[in-house]
Amino acid sequence: MEELEKNSNTKKSIALSFYTFLSRILGLVRDHYMAVSFGTGLIASAFSVAYRLPNMYRNLLAEGTLSQSFMPIYSDASKVSDEEAKLMSGAVLTFLSFFLMVFISLFLLAAPYFLPLLVGGTLEYYNMVIELSAILFFLIFTASLSSIYISIANSKQKFFVPSLSPIILNLAYLFVFLFLFQFYDDVYLRIKVLCFGIIAGGFIQLYVQSYYIKKLGLSPKLNFKWKHPAIKKILTLMTPAVIGGGFYQISLLVDIFLANYIQNQNPGLGAVVSLDYSQRLIQLPTGIIGVALATTTLPSLLESLKKKEESFIPEKLISTLSFAIYITLPACIGFILLGEEIIDSIFFGGAWDKNSTATTLRALQFYSIGIPAFSMNKILISSYYAFQDTKTPLKVNLISFSFNIMMNICLMKFLLHSGLALSSAISAGISFMLLIYFFKNHSISLNYKSLFIKIKFFVFPILGLMIWILLLKNFHDVILQNLDFFSYANKQRIFTFLAIFPSILIYFFISHLFQLEEYKIIFGRLFKKFKK
């Protein structure tokens, strides 16, 4: 579609997806070192829980509600003058810094009392969780302040330097693994050093983003005018979203509690770490596509609303959603069919054995079902924020939260920790349907027929991809037997490459035969350059 190809929002999403892809590749390298260093044992579980706690609030503030609530208000302030935008953002930064320090202090005081109730297990286990959480919780401070600077850059359609933020954090991980671990033999001491390395990476993130904004001439002017109307407006926008996001965070806390309960009832299962690594793999496609498209969709819709071009919004959303489905469907199928090979390729070795793979596989396959919905929900929620509507996502989160809790309790009886993954995937699907349905409240009429027609043609490249993978899977043992001179992990890596790379070529080739619009978006500009 010509109009879609010209859609700068989608093109910026592709570029941002590439930067995010680099970050995710570093993340996979990071996860490999984590897996071979710590496996799925108690120390790994303690780190997983300790990291999840600040990460939940980071997702709520730094990568969600705060940044998406701040951006429309900053955009409004910029219309008045650049000086007003600097004063407004400066007041927000000082207010946020004070709030975060109070919040962190309260957590440190309360952690010794509520964390043992949350994670259970032995005294040694929950003491490790408490100590590691006390270090990692400072990540909320750096990530949240960085999100303000990133939002300022994004509002000016600047995406490259903000996209480096996760890359910096991953490099901090790798620095610890490659250069510091050699000085420590004790496993628990190593994990503590890693925690301090992560916090150092967070401060480097903050410095890089603030320096970039300074170079753009957009540095906030720090002040303590906390009665600034923008702060009240941001809090007003955030409150329903925080409550809604709070339901999601509570759902994650319930997942942590239930995963620890399952792990305590089934010693050696490694339920907590298995869920964690499954989620990290799922974040590869959802992070690349969902976050990238959501990040560029909000400024694009704000621009349309600013120019009173509301009639273009339905087409933009349909185009963005169809593109997300086109990219995430292969990932969904790939994880389901090649889950074991992918897990072994990335994690196998050292403390990670075949039992670790087995406990992670089913959870990964169930999470994979929800990949398209996880990605599209990020886009849709970002779109609601363009209308300064945080109440609808709140309503949807409440409904989804209720379903998720009920399904968790039911499914874990039969599927153990994998039931938690399946519950999350189903809840994501419910959220997607509700978010689509409630768009009518903003007089936005989405052309579902157009979306369905687009998706209908995705069946053919998906079938080609599946046929290749299934054919190769039939010869899995034969292929590995002919690679005896390689280690088991390297055999799986070679097999995974033979399965994934040709299947991607087949997917795009069939897309080319059917002249799919989403295919043209990715390769149209490339082909034009070659023709020149």
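Start by selecting Leu416, which is partly exposed, with a relative accessible area of 32% (buried is under 20%, exposed over 50%, partly exposed in between; 1.4 Å probe, protein chains only). The model is predicted: local features need pLDDT of at least 70 and side-chain atom pairs pLDDT 80 or more, while totals for chains, interfaces and linings use all residues. Residues are numbered from 1 along each chain as its sequence is written, and side-chain values use heavy atoms, without hydrogens or water.

**Two loop residues with positive phi**

Leu416 sits in the loop between helix H15 (391–415) and helix H16 (417–437) (helices are DSSP runs of H or I, at least four residues, and strands runs of E, at least two, numbered from the N terminus). Its phi is positive, about 55°, although Leu416 is not a glycine.

Select Gln515 next. This residue is in the loop between helix H20 (488–513) and helix H21 (517–531). Gln515 is another residue other than glycine with a positive phi, near 50°. It is partly exposed, at 39% relative accessible area.

**Helix H12 and two partners**

Show H12 (residues 313–347) together with H17 (residues 448–456). The two helices pack at an angle of about 25°, and their axes are 10 Å apart (lines fitted to C-alpha atoms over the stretch in contact; angles run from 0 to 180 degrees between N-to-C directions). H12 and H17 are therefore roughly parallel (under 35 degrees; over 145 is roughly antiparallel, 65 to 115 roughly perpendicular, the rest oblique). On the H12 side, select Ile318, Leu321, Ser322 and Ile325; they meet Ser450, Leu451, Lys454 and Ile455 of H17 (contact is heavy atoms within 4.5 Å).

From H12, Leu329, Pro330, Ile333, Leu337, Leu338 and Glu341 meet Ile462, Leu465, Met466, Ile469, Leu470 and Lys473 of H18.

**Ser251 in H10**

Go to Ser251, in helix H10 (residues 229–265). Is Ser251 buried or exposed? Its relative accessibility is 6%, so Ser251 counts as buried. Leaving aside neighbours within four places in sequence, the contacts of Ser251 are Phe401, Asn404 and Ile405. To check one of these pairs, draw a C-alpha to C-alpha distance from Ser251 to Asn404: the residues are 7.4 Å apart in space and 153 residues apart in sequence.

**Salt bridges**

How many salt bridges does the whole structure hold? The search finds nine (a side-chain nitrogen of Lys or Arg within 4 Å of a carboxyl oxygen of Asp or Glu).

Lys454 is buried, with a relative accessible area of 10%, whereas Glu517 is partly exposed at 25%.

Finish at Asp31. This residue forms a salt bridge with Arg280, with the closest N and O atoms 2.7 Å apart. The pair links distant parts of the chain, 249 residues apart: Asp31 is in helix H2 (residues 8–38) and Arg280 in helix H11 (residues 271–306). Asp31 is buried at 2% relative accessible area, and Arg280 is buried at 10%. Asp31 also meets Arg30 in a salt bridge of 2.9 Å, N to O; both of these residues are buried.
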